[in-house]
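The following exercises concern the structure shown below.

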Amino acid sequence: MCVIWGIPYLLIRVSVSELTPATLVFFRTGVAALIFLPLVLSRGGLRPLAGRWIALFAFAVVEVALPWLMLSSAETHITSALAGLLISAVPLVGVIIATALGNREHLQAASLSGLALGLVGVALIVGFDMRASSGVALVEMALVVIGYAVGPAILSRYLTGVPSVTVIGVALALCAIAYAPVAFLQRPHVLPTLPVVGSVAVLAVVCTAIAFLLFFELIAEIGPVRATVITYVNPAVAAILGVAVLRETLTLGMGAGFLLVLAGSALATRRRKVAEGPPGVSESRTADAL
C-alpha cells in the first residue's frame, strides 16, 4: 500500500499537464468502476447497501470525490514532495477523529510518540520544502488530509457488513457520474500523449482498483487509524521516484528521514497488550469498532 499510494503524486503531475483535474478524476474513477462492476454484481449488487445510502454517499465524497479533485488541483501549484508532507498528517487527524468518536486507545504515549517521530522523518525526506505558489493549494491539501482521515472512520462505523467491493465500486461509479458533465466540457481537444494515457491507466487500475481492494483488507485487519499510517512512507516513495524519473538528488537527510518514518510507523502501529479476554481475540477489534 505504501508503494502503490506513493506513486500517484508523480502520475498525477504528469496527467494534469494535459488534463484538467476534473477530467482526470472522471477517467480514474470511471475506469476503476468498470473493473469493480462484475465484482459488485457477484456480491448481491446494490442490495447490501439498503438503508446505508447516506453513509455511502458521505464516504464517496470524503474519500474519493473531494480529495482526488483537490489533490490534482493542488499539484498544479505545489511540489509532489510538499503534497506528500501534508498528506502525512492523515494519521494525526485520524487519531483526533477516533478520539471524538470515543476511542481513547490511540492517545497512548507510544502511539503519539510514533506519530511525532514519523512527521519528523517526513520533514527530513522532503527537506522542509514548504514553498507553494498558491495559498489555495494549501487549503486544498488540508481538505485532502481531512477527507482521507474521515473516510476510513465512516467505513468502519457505518458500512460494516457491506462487501468492500460493493462500497468502493458504487462509490467510484457515483463519482464518475458526478464528474462526467464537467469532464465532457473540459475534454482535451487533442489526443493526450502516451505518458499521460499511461499515467491515467496506472492510476485507475493499480492505484485505484487494486489499491482499494488491498486497503479494505488492511482496515479490516488493523483498524482505520493504523491503516492511515501508510501515508508516512508515501513521501519516501515520491523521493525515490524523483531521483529515478525526475533526476532529483537523494540527500542524507532523505535517507535518515526514511529510517525515522519506518521507526515511527512501527511505534505508532504497535499493538497494545490486552490484560484480559478470551484467547485469540485481537485487540485490533477495538480499533475496528471505533
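A residue counts as buried under 20% relative accessible area, as exposed over 50%, and as partly exposed in between. The model examined here is predicted.

**Exercise 1.** Determine whether serine 164 is buried, partly exposed or exposed, and state where serine 164 lies.

Solution. The relative accessibility of serine 164 is 22%, and serine 164 is therefore partly exposed. As to its place in the chain, serine 164 belongs to helix H8, which comprises residues 164-185. In space, the C-alpha of serine 164 is 9.8 Å from that of alanine 220, although 56 residues separate the two in sequence.

**Exercise 2.** Classify cysteine 2 and cysteine 207 by accessibility, and give the count of disulfides.

Solution. Cysteine 2 has a relative accessibility of 21% and so counts as partly exposed. Cysteine 207 has a relative accessible area of 0%, and therefore it is buried. A disulfide requires two cysteine sulfur atoms within 2.5 Å. By this rule, the count is zero.

**Exercise 3.** Describe the span of helix H12 and identify its buried residues.

Solution. Helix H12 covers residues 252-268, 17 residues in number. From first C-alpha to last it reaches 24 Å, close to the 24 Å expected. The buried residues of H12 are Met254, Gly257, Val261, Gly264, Ser265 and Ala268. These residues cover an arc of only 100° around the axis, so they lie on the same side of H12. In general, an α-helix has 3.6 residues a turn, so residues three or four places apart point the same way. On the face of H12 turned away from the buried side are the exposed residues Leu252 and Leu259.

**Exercise 4.** State how many residues of helix H4 are buried, and name them.

Solution. Helix H4 spans residues 80-87, and six of its eight residues are buried, which leaves the helix mostly covered. The buried residues are Ser80, Leu82, Ala83, Gly84, Leu85 and Ile87.

**Exercise 5.** Characterise the packing of H2 with H3 and the crossing of H5 and H7.

Solution. Helix H2 (residues 21-42) packs with helix H3 (residues 53-74) at an angle of about 135°, their axes being 9 Å apart. Angles over 145 degrees count as roughly antiparallel and those from 65 to 115 as roughly perpendicular. H2 and H3 are therefore oblique to each other, and H2 passes H3 in a right-handed crossing.

For helix H5 (residues 90-100) and helix H7 (residues 135-158), the axes come within 8 Å and cross at roughly 50°. H5 and H7 are therefore oblique to each other. Their crossing is right-handed.

Definitions and conventions: Residues are numbered from 1 along each chain as its sequence is written. This is a predicted model: local features need pLDDT of at least 70, side-chain atom pairs count only at pLDDT 80 or more; totals for chains, interfaces and linings use all residues. Side-chain values use heavy atoms; hydrogens and water are left out. Helices (H or I, at least four residues) and strands (E, at least two) are DSSP runs, numbered from the N terminus. Buried means under 20% relative accessible area, exposed over 50%, partly exposed in between (1.4 Å probe, protein chains only). The expected span of a helix is 1.5 Å times one less than its number of residues. The arc is that of the directions from the helix axis to the C-beta atoms. Axes are lines fitted to C-alpha atoms, for helices over the stretch in contact, and angles run from 0 to 180 degrees between N-to-C directions. Angles under 35 degrees count as roughly parallel, over 145 as roughly antiparallel, 65 to 115 as roughly perpendicular and the rest as oblique. A crossing is left-handed if the near helix is turned anticlockwise from the far one by less than a right angle, and right-handed if clockwise.
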